[in-house]
Amino acid sequence: MTRHNPSLRRPMRAQDHLWLHLDTPVNRLVVTSVLWTATPVDPSALRSVLADRVLARYPVFLQRPAGRRVWAADPDFDLGRHFTVSALPPPGDTGALQEHVARRLGCRMDLDHPLWTIELLQGYGPGSAVVSRFHHAMADGIRLTQVMFGMLDPLRPDPAPPAPVGGTAVRHGPTAHAAARLATTGVQLLTRLGEHVEVPPVRAALALGTLGGAAALAVTGALVEGVAGRLPTGPRRLAGHLAEQAVTAWHTAAGASHLVGPAYQGPWHGEPGLAKAAAWSDAVPLDLVHDIARRTGTTVNDVCAALLTGALDRYLAGRDHHLLHDMPWMVPVSLARFDAALPPLLGNHFALVLAALPLARAGFPERLLEVHRRMARIRDSYEPLVNVGVQDLVGRGSRGAAVALTRYLTARSAGVLTNVPGPREEMALAGARVLGAVGWAPCSGRQPITVCIFSYAGRIRFGFATDETLIPDPGRLVRALDDEVRYAGAVMGAATAS
């Protein structure tokens, strides 16, 4: 194992520096996670694991921000300041743990010392709970999750490999001809524009345009089919490549246009306060989600996002938001492939994209197909690469510019949504079997909610961390999610065995 000298000063990357700028009293830029075990965790054993697998491998856990964009060793480093052991208050159940996590969500990190804490809480049921908090300046959520799971040990000698995550490659949708897909996208955009137009003459004109576009699409598809079939192999491939690039450029431009639209004014819009709340669901069997994805030709991520959207619809029912079509979310996209040999310097390698979840749909099947279409557009675009370039430029600028631009961008979304794949099989922490885990990316600006979709050992949990002023009842979101899972399983006829 390569060990790096934490006493050396090293420059802070622009993206890492950006997250130091964005800390506010109402939204701390801290990645928070919690896991729990079947039996008590021995503090001395966990301390040894932490020293060997984290402190010895990743210098940033021994360093603090110093001067202008520099990491430097903390001359007064004390592991006892960062790793603590205490008892979870009675009754030691999930409610008590959720209240403890909620209190930690608003805590400020001390910039005079390394920007992390790990709490071992004894007395969580028959076992323990571990609450980890890492400042976003240290690394992105995927890498910090890898650090956390790097402290675990497999329960059998040949564990399944981790789920693949990240990368910058554009993923094109399966379509016979990209030109036809480009025309289809144009008609879909025109249709969605018509949904939001209230003036009858304009709406009628858009409807006529949509019908004309559909007719043009049929003619274009027939022409492309005939011409492409007669081209030699080389020109045919070149034409297909150029058409795919045109589709990708279209999707990229459509994504960028969302960032210059009006600020979000839907549910939960307002000024957040200092107090936070947290709740998470019971385990959803991954087999159920896989089965629905297989039956519908969608992805596990699409199904999870559709379940969340249905839960939001249920939560908002009767709250005068029935005319709301979309709820936009900031979604982190990892730009670095999952690397089992995690680079020692960690850092942030992700982009934020805006994904609008479709509300007010007739039922789960329709909602799922619409979610799939929207997520496919993001996957088939350069939007993450464009946005990470913007993040890099902002990180190199002044604090005032970074705060102003971030406040502008985050105002376009309701909150943050993350989907994190954990180990596919059960693991152990210092000898204690881990039963479950959830973890959240932080909110920024005035965002009042961050939602995590966290998979571990064949089970998925949905976690909600909210601003107590604007969303005081995340438990209602959990109950709405549970109802939506049961409904979706019944409607899709999916397997429900855990």
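Predicted model: local features only at pLDDT ≥ 70, side-chain atom pairs only at ≥ 80, totals over all residues.
Colleague: Which strands does β2 pair with, and over how many bridges?

Modeller: β2 is joined to strand β7 (residues 127-135) by 7 bridges, and the two run antiparallel; Val34 stands opposite Val131 in β7. To strand β15 (residues 432-440) β2 is joined by 6 bridges, again in an antiparallel arrangement, with Gly439 in β15 as the bridge partner of Ser33. Strand β7 in turn pairs with strand β6 (residues 116-124) in the antiparallel sense over 8 bridges, and there Ser132 of β7 is the bridge partner of Ile118.

Colleague: Why is strand β2 called mostly covered?

Modeller: A residue is buried if its relative accessible area is under 20%, and in strand β2 (residues 30-37) this holds for 8 of its 8 residues. In a regular strand the side chains alternate between the two faces of the sheet. Here both faces of β2 are covered, with Val30, Thr32, Val34 and Trp36 buried on one side and Val31, Ser33, Leu35 and Thr37 buried on the other.

Colleague: What makes Thr418 a buried residue, and what does Thr418 touch?

Modeller: Thr418 has a relative accessibility of 7%, and because the limit for buried is under 20%, Thr418 counts as buried. Its place is in strand β13 (residues 415-421). Leaving aside residues up to four places away in sequence, Thr418 touches Pro332, Gly439, Ala441, Val451, Cys452 and Ile453. The C-alpha atoms of Thr418 and Ala305 are separated by 9.9 Å, while these two residues are 113 residues apart along the chain.

Colleague: Why are helices α10 and α14 called oblique to each other?

Modeller: The axes of helix α10 (residues 300-316) and helix α14 (residues 474-492) come within 8 Å and cross at roughly 120°. Roughly perpendicular covers 65 to 115 degrees and roughly antiparallel begins over 145, so the pair falls under the remaining term, oblique. The crossing of α10 and α14 is right-handed. Among the residues that make the contact are Leu307, Leu308 and Tyr315 of α10 and Leu477, Leu481 and Tyr487 of α14. The residues of this contact divide into 11 nonpolar, 1 polar and 4 charged.

Colleague: Leu346 and Ala430 both have a positive phi; what makes one of them buried and the other partly exposed?

Modeller: Leu346, which is not a glycine, has a positive phi of about 50° and is placed in the loop between β11 (326-334) and β12 (350-358). Its relative accessibility is 4%, and because buried means under 20%, Leu346 counts as buried. Ala430, likewise not a glycine, has a positive phi of about 50° and lies in the loop between β14 (427-429) and β15. At 22% relative accessibility, Ala430 is not under the 20% limit and not over the 50% that exposed requires, so Ala430 counts as partly exposed.

Colleague: Which peptide bond is cis, and where does Pro91 lie?

Modeller: The peptide bond from Pro90 to Pro91 is cis, with omega near 5°, and Pro91 lies in the loop between β5 and α4 (94-105).

How values were computed: Residues numbered from 1 in each chain as written. Heavy atoms only, no water. Buried < 20%, exposed > 50% of the residue type's maximum accessible area, 1.4 Å probe, protein only. Helix = DSSP H or I, 4+ residues; strand = E, 2+ residues; numbered from the N terminus. Pairing = 2+ DSSP bridges. Contact = heavy atoms within 4.5 Å. Axes fitted to C-alpha atoms, helices over the stretch in contact; angles between N-to-C directions. Parallel < 35°, antiparallel > 145°, perpendicular 65-115°, else oblique. Left-handed = near helix turned anticlockwise from the far one by under 90°. Nonpolar A, V, L, I, M, F, W, Y, C, P; charged D, E, K, R; others polar.
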